[in-house]
Amino acid sequence: DFSNSLEWMFEFPEILDDEGRFTGFDAIIGNPPYIHLEDMKKTSEIYGSMGGKASPVYTTYNKRGDIYCLFVERAMSLLKENGFASYIMQNKWMQASYGKELREFFLNVRLKKLIDFGDIQVFDDATTYPCIFVAQKAAPATELTVSTLRDLERADFAKSVNQFAEKFALEHLSSDTWTLSSQWESDLLRRLDNEMITLGEYVGGEAYRGVLTGLTKAFLIDESTKKRIIEESSNAEKVIYPFLQGRDIKQFEEPAVNHYLILFAKGSTQESLRAKLSEAKQSTSEFEAWNFIKNEYPSVANWLEPFAEKGRARTDKGDYWWELRACDYYAEFAKPKIMYQKFQVKPCFVYDEQGLYCNDSMWIIPTEDKALLALLNSKMAWWLMKKKCTQIQNGVQLIWQYLSKIPVPRELPQELATLADQIIAAKKNGEDTTELETQVNTLVYQLYGITDAEEIEAVEKR
């Protein structure tokens, strides 16, 4: 049904030459839709297919991307030579991995101006993080004018744009993440990236997302329920673990445990059966396996049994309905580790050596390095997170893919670990830690080569 469509070749005959051939628009402006391509499923795959050509239909296509990226490429293709395109759209393409193709695309046209609104909300009915670009269908220039707005005078928009305008050399930009909030910040980040290693390299491994149960009401219990289950059957303690939710933690503080996880990992029932019975079968019926659980952990079975039907209906269960989904890193939760919330409005990292589990609003970094804990809770590290990670309102989304890219010194001094221990102990005793935290911030600034008062102020303001 094309009844509501716009036949633009008929509506704009000026874009056709005397032979009826398309010549292009002088200018295209708009606000493209924001739709995750993954939500469009099979339809979106057409945009990235080759279609018998040497290149995809859209070079800006990324299967985890957003359709507004494709709208940019389409606009540029509809321009005549030296024509202009300008959209107001999300700013996530500058940092998100799905924006890599669009960043590469922009480097091959004349991107003239970027206006980034940061946390300033410009739409009354939606929380968005928009930017405006102006690009010309012409050979790339050598510099780009960027205005990162820190406040907005709505009555005189041009004044605000000009107030924060800076020029950036395009030779320093690539398809990697763009940080264009200021020339000073861009230069600092480039220096740190060259001199230091990444957080991912520093820890020598991965961070891990918290546990997904698929049925929280069944597998997550409170203190009184845990106590009752264990009183009824002491063996139950073997499958009940302390559990944190994101809201349960505060910076540096020893986490307070209010919930517990009933954990039968995928494959654990069969493994226990083989250990218990010398001639255990390779596979066991649900009836036989459940009888084994009832005999071994009767109070746990009594608690779980009312959830059997919903447990079976899960798509992310283990071999049996009482088992959690497959996960190859359960053992990491038992190790000393740094834990942190995925969404943060201020740095909040804690240290755990109690074997705590957590939900998927949190991530863990297995490490005994308390110096790293101190660094991650510092003002300098928070500034780096805001530059490398995706913004949320007044904060950041600390997905490991991005957090792992923040620059970290190759070695951290023992003094940072000592300060972390002192802060943890002081908080446990209800003491003020302001002075200790100031010492951490000062030491971390020195590690990053920032000693000038004006530079420190610049970091703390942004």
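This is a predicted model: local features need pLDDT of at least 70, side-chain atom pairs count only at pLDDT 80 or more; totals for chains, interfaces and linings use all residues.
Which residue in strand 16 stands opposite Lys337?

**Figure 1. Strand 12 pairs with strand 16 in an antiparallel arrangement.** Pro366 in strand 16 is the residue that stands opposite Lys337. Strand 12 covers residues 337–341 and strand 16 covers residues 362–366. The two strands are joined by five bridges. In general, the strands of a sheet pair through backbone hydrogen bonds, in either a parallel or an antiparallel manner.

**Figure 2. Four strands make up an open sheet with the order 8-16-12-14.** The pairing within this sheet is antiparallel.

**Figure 3. Phe106 belongs to the largest nonpolar core of the model.** This core contains 85 residues, of which Phe106 and Met380 touch the most other members. Helix 17 supplies the largest share of the core, namely seven residues. A second, separate core comprises 47 residues, among them Leu215, Val239, Ala301 and Tyr330. Leaving aside residues up to four places away in sequence, Phe106 touches Val72, Met89, Trp93, Leu111, Phe133, Ala135 and Trp178.

**Figure 4. A salt bridge joins Lys370 to Asp421.** The closest N and O atoms of this pair are 2.7 Å apart. Lys370 is buried because its relative accessible area is 19%, which falls under the 20% limit. Asp421 counts as partly exposed, with a relative accessibility of 36%.

**Figure 5. Lys428 and Glu254 form a salt bridge between distant parts of the chain.** The closest N and O atoms are 3.5 Å apart. Lys428 belongs to helix 17 (residues 414–428), while Glu254 is found in the loop between strand 10 (240–244) and strand 11 (259–262); the two residues are 174 residues apart. Lys428 has a relative accessibility of 61% and therefore counts as exposed. Glu254, at 43%, counts as partly exposed.

**Figure 6. Lys159 forms a salt bridge with Glu153.** The closest N and O atoms of these residues are separated by 3.6 Å. Both partners count as partly exposed, with relative accessibilities of 45% for Lys159 and 36% for Glu153. Side chains of opposite charge can pair when their charged atoms come close. In the whole structure, 19 salt bridges are found.

**Figure 7. Ser182 makes a polar approach to the backbone of Glu185.** A polar atom of the Ser182 side chain lies 3.0 Å from the backbone nitrogen of Glu185. Ser182 is situated in the loop between strand 6 (165–169) and helix 6 (183–195). With a relative accessibility of 2%, Ser182 counts as buried.

Notes: Residues are numbered from 1 along each chain as its sequence is written. Side-chain values use heavy atoms; hydrogens and water are left out. Buried means under 20% relative accessible area, exposed over 50%, partly exposed in between (1.4 Å probe, protein chains only). A polar contact is a pair of N or O atoms within 3.5 Å; within protein, one must be able to donate a hydrogen and the other to accept it, and residues adjacent in sequence count only if both atoms are side-chain atoms. A salt bridge is a side-chain nitrogen of Lys or Arg within 4 Å of a carboxyl oxygen of Asp or Glu. Two strands pair if DSSP finds at least two bridges between them. A nonpolar core is a set of buried Ala, Val, Leu, Ile, Met, Phe, Trp, Tyr and Cys residues joined through side-chain atoms within 4.5 Å. Contact means heavy atoms within 4.5 Å.
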